[in-house]
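Let's take a friendly tour of a protein, starting with the whole chain and ending with charged side chains that pair up. Please keep the 3D view open while you read.

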Amino acid sequence: MKRQRLPLPTHPLTRTFGPASQSVTTSLGDSSVTAYRGTVRHFLSYLGAQFPEVHSLEQLRRDPHILGWLALLRSHNPPLAAITRANYVIALRRMLEDLAWTQQLPHLAHLLGRDDVPRKERRLPRPLTPEQDQLVQQELLRRNDFVSNVLLLLRHTGMRIGECVDLSFDCLRPLGPGQWAIHVPLGKLKTERWVPVDSTVCQLVDRIRSLRPPTAPQAGRLLLPRPRGRYMLIRGLRATLREVVDAVGISARIVPHQFRHTYGTEMLRAGVSFAAVMKLLGHKSPHMTLEYLEITQQDLQREFHLALSHPRHLVPSRTISSGSSTRADLFNLIDSLTIAQHVLEMYRRSMADDSARRLLDRVANRIVKILTEIRKLSTP
């Protein structure tokens, strides 16, 4: 069962913005289509209330129409998250650019600019504390029902909730004696991946299969049946986690996505490399992964002393015997500076003092410049 989409408002511009939203979302998913329609509803409702005299695209101006809408987004009560406001602005900007082309009104493409998009908020990682993690897992194990095992599967694989509900019935694949991986389907970033799993996860998948409702199709493609639709399945998982959190006496709000933060941080502290954690979480850039990992002073000390214990992390010798050894020393230096850059970034993110963070930003930028110059030297 799909979520019912709300109708667009009754406004003279609906006949142009409606097709524009369909045009720019032709190759996008249902959630993006819903988001663009929501932007149309929000903007046209604002125009109808504040500027009822606007009946055509030719009348739209940056001041006061667009600037007034941006001010409305900023003054929303309760406040909208920066990413929510950014999505509104990006969606309207793309539709205006589409209309500028289809309606031959070039000025529409300049009503919103890149600087109007709010900057993304820097959020700290949100892994569960060891105490919270233990209490939640114990309660899920005690319940041992269908939904509880699905939540445990989320916790032990780091999947997004949308990826989990789309798992195939045969998602587990043997890779060798005692080696298994779970196939995570196309998710938020339109990528798929293989995540290594242990016997615990294999048992969870088997348990979920055995607890599937009798009415579930025995030959169904999906591991998790969804008789009332995908959205209601996700909603049920979130509701169950809230019940579990309340049952164990945790006052903090905990959502399923925090299992990803917990999983990523757990893998890093277990010795998994940063690049491997990126792959496990299905991220495309290191910056995305850093938002999921809690880096403490204890973690930094461990990484620092680990670096010192390996000779290849030491400063290269000043003695140069030949051209070939010079090339090798330069590559070692590049490797060491790259690692130092990564550790510096982890340390910077753990600091609360803005002035200290700015100082470390300058140091990081200097390292980038040095790396650029050294790489020129290493080029034949």
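Predicted model: local features only at pLDDT ≥ 70, side-chain atom pairs only at ≥ 80, totals over all residues.

Residues are numbered from 1 along each chain as its sequence is written, and side-chain values use heavy atoms, leaving out hydrogens and water.

**The whole chain**

The protein chain contains 15 helices and 3 strands. Both are DSSP runs numbered from the N terminus: helices are H or I with at least four residues, and strands are E with at least two. The chain has 380 residues, and 40% of them count as buried. Buried means under 20% relative accessible area, exposed means over 50%, and partly exposed lies in between (1.4 Å probe, protein chains only).

Take the contacts (heavy atoms within 4.5 Å) between residues at least 6 apart in sequence: 64% of these join residues at least 24 apart. The chain exposes about 22400 Å², with carbon and sulfur atoms supplying 55% of that area. Accessible areas come from the Shrake-Rupley method with a 1.4 Å probe, and for residues only the protein chains shown count as cover.

**Salt bridges**

How many salt bridges does a search of the whole structure find? The search finds 12. A salt bridge here is a side-chain nitrogen of Lys or Arg within 4 Å of a carboxyl oxygen of Asp or Glu.

| Pair | N to O distance |
|---|---|
| Asp 133 and Arg 155 | 2.9 Å |
| Arg 155 and Glu 266 | 3.2 Å |
| Asp 166 and Arg 226 | 2.8 Å |

Asp 133 sits in helix 5 (residues 130-143) and Arg 155 in helix 6 (residues 146-157), so their bridge ties together parts 22 residues apart in sequence. Asp 133 is buried, at 11% relative accessible area, and Arg 155 is buried too, at 2%.

Arg 155 also pairs with Glu 266, which belongs to helix 10 (residues 258-269), and this pair links parts of the chain 111 residues apart. Is Glu 266 buried or partly exposed? With 36% relative accessibility, Glu 266 counts as partly exposed.

Asp 166 is in the loop between helix 7 (161-165) and strand 1 (172-176), and Arg 226 is in the loop between helix 8 (199-210) and helix 9 (230-247), so the pair ties together parts 60 residues apart in sequence. Arg 226 is partly exposed, at 26% relative accessibility.

Finally, salt bridges that share partners join Glu 139, Arg 142, Arg 143 and Glu 243 into one network.
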